[in-house]
Amino acid sequence: MAQEPIHKWDCEKVVEWLNDKGYSKYAPKFFLNKIDGKALLLLTETDLKTPPLNIEILGDVKRLYLDIRQLKLDSQTVLIEHGFDPQSLLYFSKGLSNMIAHSYSNHRIEEQIVNYRYQPLDGTESEYLHPQSSRSSEDGQATTLRPELWKSLIALGYCFVVTWITAFVMVIVHDRVPDMKKYPPLPDIFLDNVPHIPWAFHMCEWTGTVLLLIWLCVLLVHKHRFILLRRFFALSGTVFLLRCITMLITSLSVPGTHLDCNPRPSIGDGEFDIFQKIRAAYHIWKGAGMSIQGVRTCGDYMFSGHTVALTMLNFFITECKKSN
């Protein structure tokens, strides 16, 4: 049996191999399900545990899967010589298989065949293998993650646009703030019984600044920094965009009497007034909406962007601090 390449095994050969390894009681299931040599090499641990094979003894599952992996490892050279990818069993042209056989000892097979044509086992039309953002092992776990800088740049552009939209919406909301005399602050058990602390808001912003510095340090040492960056930009942009929608469709009273929240006087109408709003939005955008930068807007008080930023930074720091 060892003389014949495994990809040429029929169902009887697989049954013979199972008997040699001590799994004779499972051989009928393999035979009924037409498991030949190629199918045997493609079996995963999940295939063994679930119907139709449905091996219920965990120890047998682990040992059989280990023997299959060892068989696949021992057969790599033979498979390459016959033009097969040992991982996927896809068939390659003869010239390409010679090149792969020469370099496979130092590199994984899938890294050698990227952008080359392959011929599938069913004889259908050839296609190109494209690099993937991640590669998976046989048990479904990711083994390689590509940084894909272009995705991070797209996410950065998206977040940049959202920050401008946010700044402009904050100007609009500030000019629509309800009259405090007509709509006084809503009662709050905590705030109504705690004296006003003038420096608390600045302390919140300094805390956010410290968290941002910690997040930048995490990115510098993290293995997948570009993946984390694009996730951070995408999630932050989306959350702030939803916040813009909330600010536009909801009008709340001023949160406290200590805040000076009055609509800005309109200097002109039409086109001139739009330019005034754009300049005000630029002032907010340049100062990142923080009072320590001289920015004060009632839209930010009523729909706290500080809370959004602090929560987002805290989640990313705590969940992504590991570099692998």
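This is a predicted model: local features need pLDDT of at least 70, side-chain atom pairs count only at pLDDT 80 or more; totals for chains, interfaces and linings use all residues.
Close-up 1. You'll find M203 in helix 10, which spans residues 200–221. M203 also belongs to a nonpolar patch on the surface, together with F190, L191, V194, I197, W199 and W206. Taken together, these residues show about 770 Å² of accessible area.

**Close-up 2. W215 meets F232.** Stay with helix 10 and look at W215, whose partner F232 sits in helix 11 (residues 225–249). Are W215 and F232 buried or exposed? Both are buried. Searching the whole structure turns up eight aromatic pairs. One of them is edge-to-face: F160 and W285, with 5.6 Å centre to centre and 90° between the planes. F160 comes from helix 9 (residues 149–175) and W285 from helix 12 (residues 271–286), so this pair ties together parts that are 125 residues apart in sequence. W215 and F232 make a tilted pair, at 5.5 Å centre to centre with 40° between the planes. Here the parts tied together are 17 residues apart in sequence, because W215 lies in helix 10 and F232 in helix 11.

Close-up 3. How exposed are the two partners of the edge-to-face pair? F160 is partly exposed, at 44% relative accessible area. W285 is partly exposed too, with a value of 31%.

**Close-up 4. The largest nonpolar core.** This core has 25 residues, and W17, L18, F30, L40, L43, L48 and L64 are the ones with the most contacts inside it. At least two residues each come from helix 1 (11–21), helix 2, helix 3 (37–42) and helix 5 (58–74). Which helix gives the most to this core? That's helix 5, with five residues. For a look at one member, take L18: leaving aside residues up to four places away in sequence, L18 touches Y23, S24, A27, F30 and L64. Another core, of 14 residues, lies apart from this one and includes A155, L211, F233 and F316.

**Close-up 5. P28 in helix 2.** Helix 2 covers residues 27–32, and P28 is part of it. P28 is partly exposed, with a relative accessible area of 47%. Check V15 in this view as well: V15 and P28 are 13 residues apart in sequence, and their C-alpha atoms are 7.7 Å apart in space.

Technical notes. Residues are numbered from 1 along each chain as its sequence is written. Side-chain values use heavy atoms; hydrogens and water are left out. Rings of Phe, Tyr and Trp (its six-membered ring) pair if their centres lie within 6.5 Å; planes under 30 degrees apart count as stacked, over 60 as edge-to-face and the rest as tilted. Helices (H or I, at least four residues) and strands (E, at least two) are DSSP runs, numbered from the N terminus. Buried means under 20% relative accessible area, exposed over 50%, partly exposed in between (1.4 Å probe, protein chains only). Patches are made of residues with over 30% relative accessible area and no salt bridge: like charges are joined within 9 Å, nonpolar side chains (Val, Leu, Ile, Met, Phe, Trp, Tyr) within 5 Å. Accessible areas come from the Shrake-Rupley method with a 1.4 Å probe; for residues, only the protein chains shown count as cover. A salt bridge is a side-chain nitrogen of Lys or Arg within 4 Å of a carboxyl oxygen of Asp or Glu. A nonpolar core is a set of buried Ala, Val, Leu, Ile, Met, Phe, Trp, Tyr and Cys residues joined through side-chain atoms within 4.5 Å. Contact means heavy atoms within 4.5 Å.
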